[in-house]
Amino acid sequence: MIDMMQADVGPVAELLKTLSHPDRLLIACTLAERELSVGQMESTLHIHQPNLSRHLTVLKAARIVTARKEGVSVFYRLSDDKAGQVIAALHDIFCAKTK
């Protein structure tokens, strides 16, 4: 059991390291609510385009978000991969409004 946990701990630590940047965490948590274009994220999150693109590249490489192109716009959403599921769970725990 410990051997399996040791094999998995490295990728999980890298995921948490990626999410430790406040802007990347904000982007990921916002995408837990809905798919957004780069322009929508820029105006909603007040992260300037060069920094936003850099953070989205990191999140995409970590398989936290996925992108699709529609015309000239690029839309991002959480991935269905485990990393995206972690963000969705964090969003449900910390950000979702209680009813």
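## The largest pocket

About 260 Å³ of space lies in the largest pocket of this predicted model. A pocket is found on a 1 Å grid over the protein atoms alone: it is an open set of points where a 1.4 Å probe fits, with protein on both sides within 12 Å along at least five of seven lines, and its lining residues have an atom within 4 Å of a point. The volume is the space filled by probe spheres set on the points, with grid points joined across faces, edges and corners. Why roll a probe over the atoms? Rolling a probe the size of a water molecule shows where empty space is left.

The lining is made of D8, P11, V12, E14, L15, T18, A62, D81, K82, A83 and V86. Sorted by class, the lining has 6 nonpolar, 1 polar and 4 charged residues. Here Ala, Val, Leu, Ile, Met, Phe, Trp, Tyr, Cys and Pro count as nonpolar, Asp, Glu, Lys and Arg as charged, and the others, Gly among them, as polar.

## How to read the model

Residues are numbered from 1 along each chain as its sequence is written. Because this is a predicted model, local features need pLDDT of at least 70 and side-chain atom pairs count only at pLDDT 80 or more, while totals for chains, interfaces and linings use all residues; side-chain values use heavy atoms, with hydrogens and water left out.

## The overall plan

The chain has 5 helices and 3 strands, and along the sequence they follow the pattern α-α-β-α-α-β-β-α. These elements are DSSP runs numbered from the N terminus: helices are H or I with at least four residues, and strands are E with at least two. The C-alpha atoms fill a box of roughly 50 × 35 × 25 Å, taken along the principal axes.

Of the 99 residues in the chain, 29% are buried. Buried means under 20% relative accessible area, exposed means over 50%, and partly exposed is in between (1.4 Å probe, protein chains only). Among contacts (heavy atoms within 4.5 Å) between residues at least 6 apart in sequence, 47% join residues at least 24 apart.

## The sheet and its hairpin

The 3 strands form an open sheet in the order β1-β3-β2, with antiparallel pairing. Strands β1 (36-37) and β2 stand at the edges with a single partner strand each, so one side of each is left without a neighbour in the sheet. Two strands pair if DSSP finds at least two bridges between them.

Strand β2 (residues 65-70) pairs with strand β3 (residues 73-78) over 6 bridges in the antiparallel sense. Within this pairing, K69 stands opposite V74, and E70 has S73 as its bridge partner. The two strands form a hairpin with 2 residues between them, and G71 in the turn has a positive phi of about 65°.

Most residues other than glycine have a negative phi. H46, which is not a glycine, has a positive phi of about 60°. H46 sits in the loop between α3 (38-45) and α4 (49-61) and is exposed, at 66% relative accessible area.

R63 also is a residue other than glycine with a positive phi, near 65°. The place of R63 is the loop between α4 and β2, and R63 is exposed, with a relative accessible area of 52%.

How many disulfides does a search of the whole structure find? The search finds 0. A disulfide is counted when a pair of cysteine sulfur atoms lies within 2.5 Å. The sulfur of C29 is 4.6 Å from the closest cysteine sulfur, in C95, and that is too far for a bond. C29 is buried, at 13% relative accessible area, whereas C95 is partly exposed, at 37%.

## Two buried residues in helices

H91 belongs to helix α5 and is buried, at 10% relative accessibility. Leaving out residues up to four places away in sequence, H91 touches C29, A32, E33 and A96.

T18 lies in helix α1. Is T18 buried or exposed? T18 is buried, with a relative accessible area of 13%. Not counting residues up to four places away in sequence, T18 touches R24, V58, L59, A62 and I64. T18 and A32 are 14 residues apart in sequence, and their C-alpha atoms are 16 Å apart in space.
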